[in-house]
Amino acid sequence: MTHESLFIYSDKQLTYRFNESHPFNHQRLQLTYDLLTSVGSLSKEHIIEPRMATEEELKLVHDPAFIDAVRQGGQGTLSNGIASNFGLGTEDTPLFPNMHEAASLLVGGTLTAVDAVMSGQCKHALHLGGGLHHGFKGRASGFCIYNDSSIAIEYMKQKYGAKVLYIDTDAHHGDGVQWAFYDDPDVCTLSIHETGRYLFPGTGSVGEKGSGKGYGYSINLPVDAFTEDDSFIELYETAFREVIEFFKPDVILTQNGVDAHHYDPLTHLCSSMRTYEFIPKLAHELAHEYCDGKWIAVGGGGYDMWRVVPRAWSLIWLEMTNQRDILDKPIPQEWLEKWQPKAENQLPSTWNDHPSIIPTIPRKSEINEKNLKTLEKALFHIRNEMKAKARKG
């Protein structure tokens, strides 16, 4: 059976859990799934359970020694010294039981989405359990063990011969994916994120453009702290449109971290739900314009898991399935009553945020101007290439 869009999900993905106090809590998946079910936008026929990634698939990106260390860490047999060599057992990425299996399931979920789209089973697929963009070839980092997006991109290249455009709107730079394909002309990465002057991982400057044959295919838009909707959206739309016209991919993979929201406790940006309604809208439009609809979306960061993540991630599915009319209705009362007793904050009753949640930013015009200069620098090479092509044409 074919569908326009498919949703990859299983409660088993909740096993990717470091500890009770860790900010990366995949209960976000359950909250989002339950919200979509409550509004009647997600039925069983649209859901596919994720499969487990094989070790050979993990090795598309990760070193065998690292995979062995993750497995041993989950079995409680990895020494502290060896763990630290692989970025494991740290405050950000502590060891937990069966971590290899839990992380492999997240990778397998993204590969399930890839196969569904690339085989023609659907045009779009959403796997919110993925988006762990900080994982490196031989090291865990920033809450991420295996890098599902990097593995998925390499998988698409090898199995389907695809040119892949990777778009990352997480507030943290998509470093692991960028460095995995830094010299690869068949993969273009575009990351819009808070400047690394203030935020982990400290990378993602405009000067990181790729190397060798991949020069010009890594594009970074590090925005200033306290950037609001208008500036974030302007940079995202301008860059996305110009990059996709320049690169002309076969498929789009979007990483949808939602930690640029003003409520997020780990970042310093000031977006509202207006940004998270627009991000998938543009991806959807451009996927149909350039890639015959081929669009794979994964999750990512987002640490206000009550007020922000369920709404923002639901917006991706509502856009994919053309159910935007639901946004005119309130958040279902049954969902609010079910989760409010567990929530740390008052749950919002509407899909959109009231403008008053964003405080007055004294430096707003200065921030916007600085971001536009960043955009000019980031797109300078692409614009020159496009002008050169136009002259030759």
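1. Helix 9 and helix 10 cross in a right-handed sense; a crossing is right-handed if the near helix is turned clockwise from the far one by less than a right angle, and left-handed if anticlockwise. Their contact (heavy atoms within 4.5 Å) involves M273, Y276, E277, P280, K281 and H284 on helix 9, and R311, A312, L315, I316, E319 and M320 on helix 10. By class, this contact comprises 7 nonpolar, 1 polar and 4 charged residues. Here Ala, Val, Leu, Ile, Met, Phe, Trp, Tyr, Cys and Pro count as nonpolar, Asp, Glu, Lys and Arg as charged, and the others, Gly among them, as polar.

2. This is a predicted model, in which local features need pLDDT of at least 70 and side-chain atom pairs count only at pLDDT 80 or more, while totals for chains, interfaces and linings use all residues. Residues are numbered from 1 along each chain as its sequence is written, and side-chain values use heavy atoms, with hydrogens and water left out.

3. Helices (H or I, at least four residues) are DSSP runs numbered from the N terminus.

4. From helix 1, R28, L29, L31, T32, L35 and L36 meet V309, P310, R311, W313, S314, W317 and L318 of helix 10. The residues of this contact divide into 9 nonpolar, 2 polar and 2 charged.

5. T374 lies in helix 12 (residues 364-392). T374 counts as buried at 11% relative accessibility, the cut-off being under 20% relative accessible area (1.4 Å probe, protein chains only). Leaving aside residues up to four places away in sequence, T374 touches V206, L221 and P222.

6. The whole structure contains 0 disulfides, a disulfide being a pair of cysteine sulfur atoms within 2.5 Å. For C291, the nearest cysteine sulfur is that of C188, 12 Å away. C291 is buried, with a relative accessible area of 3%; C270 is likewise buried, at 3%.

Note on methods: Helices (H or I, at least four residues) and strands (E, at least two) are DSSP runs, numbered from the N terminus. Buried means under 20% relative accessible area, exposed over 50%, partly exposed in between (1.4 Å probe, protein chains only).
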